[in-house]
Amino acid sequence: MMDEKIINTSCSHDCGGRCVLKPHVKDGKIVRFESDTGEDPQLRACLRGRAYRQQVYAPDRLQYPMKRTGERGEGKFARISWDEALDTVAREMLRIKKTYGNSSILFLWGGGSQAVVNGAMAAERMLAMFGGYTRPWGAASYEGPLFASMATYGTMNSGSARIDHLNSKLIIMWGWNPAVTIWDPNTAYTMAQAKEKGIRIISIDPRMTETTATFADEWVPIHPGTDAAMVIAMAYVIIEKNLQDQKFLDTFTLGFDKFKSYVLGADDGIPKTPQWAEKITSVPAATIERIAIEYATNKPAVLIPGWGPSRGTMGEQFMRAACTVIAMTGNIGKEGGYAGGFMRAFHSREMSLPKTTKNAVETGSAHRANSLYKIRGAGHPTAARMHETHVYDAIMKGKAGGYPCDPKMAYIVASDYLNSRPNVNAGIAAFKKLEFVVVHEQRMTPTARFADILLPVNTFMEREDITPPWLGSPYYLYVNPVIPSLYESKSDFEICAALAPRLGIANYTEGKDVEGWLRVVSEHAGDIADFDTFKKDGVVKLKVEPFVAFKKEISDPAHHPFNTPSGKIELYSESLAEWRNPQMPPIAQYIPASEGYGDPLQKKYPLQLLTSHHKPATHSTLEKIPWLEETEPRRLWLNSQDAKARGISNNDEIIAFNDRGKVRIRAYVTDRIIPGAVCLPHGGWFEIDENGVDIGGCDNTLTPSLHSPGGAWPANTALVEVKKA
Ligand SMILES: Nc1nc2c(c(=O)[nH]1)N[C@H]1C(S)=C(S)[C@@H](COP(=O)(O)OP(=O)(O)OC[C@H]3O[C@@H](n4cnc5c(=O)[nH]c(N)nc54)[C@H](O)[C@@H]3O)O[C@H]1N2
Ligand SMILES: Nc1nc2c(c(=O)[nH]1)N[C@H]1C(S)=C(S)[C@@H](COP(=O)(O)OP(=O)(O)OC[C@H]3O[C@@H](n4cnc5c(=O)[nH]c(N)nc54)[C@H](O)[C@@H]3O)O[C@H]1N2
Ligand SMILES: [Mo]
């Protein structure tokens, strides 16, 4: 131990956490990890952080810059020097800019590094200074919840401190699996405390997750994509029994009467009874009725509407419906309640590099749709962007297809783009059409294989940065360098700083090194007392009151209106009414999704695909890490009835397929998933064999290029069939 050094640093991948890591270094090598041993609340690392040694020292770490030698995507590369790599990238970018204009440069970024300086932000800054770029819109994680939150509450700060759940009498987890997805480091600990305290916990999820198995008193399996119907039937029960908090509705909300007439069937002649919802959701009417009464009569109560059920092509309707039923019970702005929506808890600030240069490609660009602007406010997507799920179509068709630009090159940073975006085969075809692809990567991912120039990036063990928490928890983490950059790898910031002058950008760093930028960002946050102590300790834990969203709005409505056009919680939205889009009604409704329940395509592809986040990986980061794979190999969850009907046994090789692709993988035959649904956990690295079959097990080989009217992704909206391989 004597010659081991312990360094205070932190994890900055996009895995729902952001935790303290204390690597022990011996002879220049990381030999083991400790995590937070300090004061409460401890920010303890999960299995992924603790296995990080195998990521740092992965045998497929990219060691030096490379150029493509075979066909694009074939994976054949030759080693080149940094000078040759950067000169080539600069030459191609200058050529493309001159020939086609800046809008032809696609910036395809992801959450590989969720820190301030390194990752996507370093390149964003450089590309803005280069004259601009085209970026897609539509956040994979939460576009549906964000939209619903803005439409209903006018803010994304609609969460509560996790610890506040201990003040409630009932917790309903609706498509929420924090034992695996973390959702801020102390969530599972709080749920354990809630269970110990005897708080009743219900989980509504097509799968019996580890969260359900560990914490819930009751599991309610539901048919994926139909949740809005169950929520609306709960509203029916509450209205019928007159259990709604009418005073709350009258004081704080707009449009309950319009929602009520929909629920009672005044307009379409269909009362949204539990019996109506049972046929759609497969949840027994009696269960729906009982849970509705439990929720309306045990106060305060928490209903957590997860992002998983909202990550579908009707995603925002579930979230809008959930917020409506939450408002009906008056569980908003109160300790022990919960407002749902986006669910950011506003304890700490979001952090980013100062945006000194605007993206000129978007300057002056009209709002995508005036009505979307009204809902999304300052964060609205402009007409210069295409949705993430339409990028491949945009590459194929360009302006002639109605898109804002003719994409010619892709600059990819911190994203295994082809793997983590829907419809892999469409992506492969589109990428072959581009003139130039540059990728900053750590490992030989499926997207890296499609690069023309591949630039090796170091890990957060090899550089300096700051990591803000995932959803506004009260802390900040410092990333201290633990070992020197391995091989010839560089940080994203170093790469951009070396490339910028070649692109004619004179002042990329503004004379500041990384620490210099981090000092600026820390000061800007305003709640970090002393930068040097922060850097030394690796963590600042903020002493703040546990946040409860909308406390002020509820306790003092005269002075604190909601941030919506009407100043109320908008169960009915005039801005949405202006859309006149039956797929985006002004009140929450159950609307069947295409490739969802009831789609005639079910005759050909009867199984509903879920692509939930996977315990051993963070999307496609940390794939093929042996210690992690051992904890849970990626297999396709298949109910035993569906398996039997197809002659499939546990661990058999199967093919899951639809018109977009075929995936070969082993089956996990289990009653932990509702019949009629299958789950291929997100993130497997695709590998298309000579027969067109993905033998790498990538979920997105099967997902469609569709999004909801509000921009939600189709991650849990796809139909497939499964057969023995
Ligand atoms: N281990 C791990 N943790 C992660 C990540 C990771 O990749 N790996 N990624 C992080 C990131 S970036 C994000 S955005 C979050 C995502 O966090 P979530 O969106 O909460 O995660 P998911 O696993 O997609 O979905 C949560 C649950 O919703 C259920 N679900 C899916 N569809 C439906 C439905 O139609 N109805 C109902 N009732 N339930 C449904 C799934 O079965 C799953 O148990 O996780 C973060 N944490
Ligand atoms: N079907 C389906 N698809 C999904 C989801 C789903 O639930 N189902 N979830 C979606 C969600 S919520 C999200 S957030 C997205 C995530 O999508 P992405 O953000 O694209 O995430 P990854 O696929 O993990 O790719 C991140 C890459 O960054 C690399 N990397 C790590 N650190 C660094 C760094 O410092 N610099 C650089 N340059 N690279 C680095 C990693 O090696 C990895 O290859 O996926 C979405 N895709
Ligand atoms: Mo995400």
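This is a predicted model: local features need pLDDT of at least 70, side-chain atom pairs count only at pLDDT 80 or more; totals for chains, interfaces and linings use all residues.
Between which domains does ligand 1 lie? The shell around ligand 1 takes residues from both domain 2 (160-186 + 233-340 + 550-577) and domain 3 (600-724), so ligand 1 lies between them.

The protein is divided into three parts: domain 1 (66-141 + 351-457 + 485-519), domain 2 (160-186 + 233-340 + 550-577) and domain 3 (600-724). Between domain 1 and domain 3, the C-alpha centres are 29 Å apart. These two domains also touch: 23 residues on the side of domain 1 are in contact with 27 residues of domain 3.

The surroundings of ligand 1 may be considered next. Its shell comprises 35 residues, and those that come nearest are R48, D205, D227, A617 and H619. Several polar approaches to nitrogen atoms of ligand 1 can be described. R48 contributes a polar side-chain atom at 2.6 Å from a nitrogen atom of the ligand. The backbone also takes part: a backbone N or O atom of T181 lies 2.9 Å from a nitrogen atom of ligand 1, and a backbone N or O atom of C15 is placed 3.3 Å from a nitrogen atom of this ligand. On its own, ligand 1 has 910 Å² of accessible area, of which the protein covers 99%. Sorted by class, the shell consists of 14 nonpolar, 14 polar and seven charged residues.

Ligand 2 has a shell of 34 residues, with G111, S415, S420, E441 and T621 the closest. Here the polar approaches described are to oxygen atoms of the ligand. A polar side-chain atom of S420 is found 2.5 Å from an oxygen atom of ligand 2, and S415 likewise places a polar side-chain atom 2.7 Å from an oxygen atom of ligand 2. The shell around ligand 2 contains six nonpolar, 20 polar and eight charged residues. Which domains supply this shell? Domain 1 (66-141 + 351-457 + 485-519) and domain 3 (600-724) each provide at least three of its residues. Domain 3 thus gives residues to the shell of ligand 2 and also to that of ligand 1.

One cavity of 30 Å³ or more is present, and the largest cavity holds about 90 Å³ of space. Its lining is made up of 13 residues, among which N177, V180, R207, E632 and W637 lie nearest the centre of the cavity. By class, three residues of this lining are nonpolar, five are polar and five are charged.

Note on methods: Residues are numbered from 1 along each chain as its sequence is written. Chains are lettered from A and ligands numbered from 1 in the order in which they are written. Side-chain values use heavy atoms; hydrogens and water are left out. A residue is near a molecule or strand if one of its heavy atoms lies within 4 Å of it. A polar contact is a pair of N or O atoms within 3.5 Å; within protein, one must be able to donate a hydrogen and the other to accept it, and residues adjacent in sequence count only if both atoms are side-chain atoms. Ala, Val, Leu, Ile, Met, Phe, Trp, Tyr, Cys and Pro count as nonpolar, Asp, Glu, Lys and Arg as charged, and the others, Gly among them, as polar. Domain bounds come from an automatic or database domain assignment. Accessible areas come from the Shrake-Rupley method with a 1.4 Å probe; for residues, only the protein chains shown count as cover. On a 1 Å grid over the protein atoms alone, a cavity is a set of points where a 1.4 Å probe fits but cannot get out, and a pocket is an open set with protein on both sides within 12 Å along at least five of seven lines; lining residues have an atom within 4 Å of a point. Grid points are joined across faces, edges and corners, and a volume is the space filled by probe spheres set on the points. Contact means heavy atoms within 4.5 Å.
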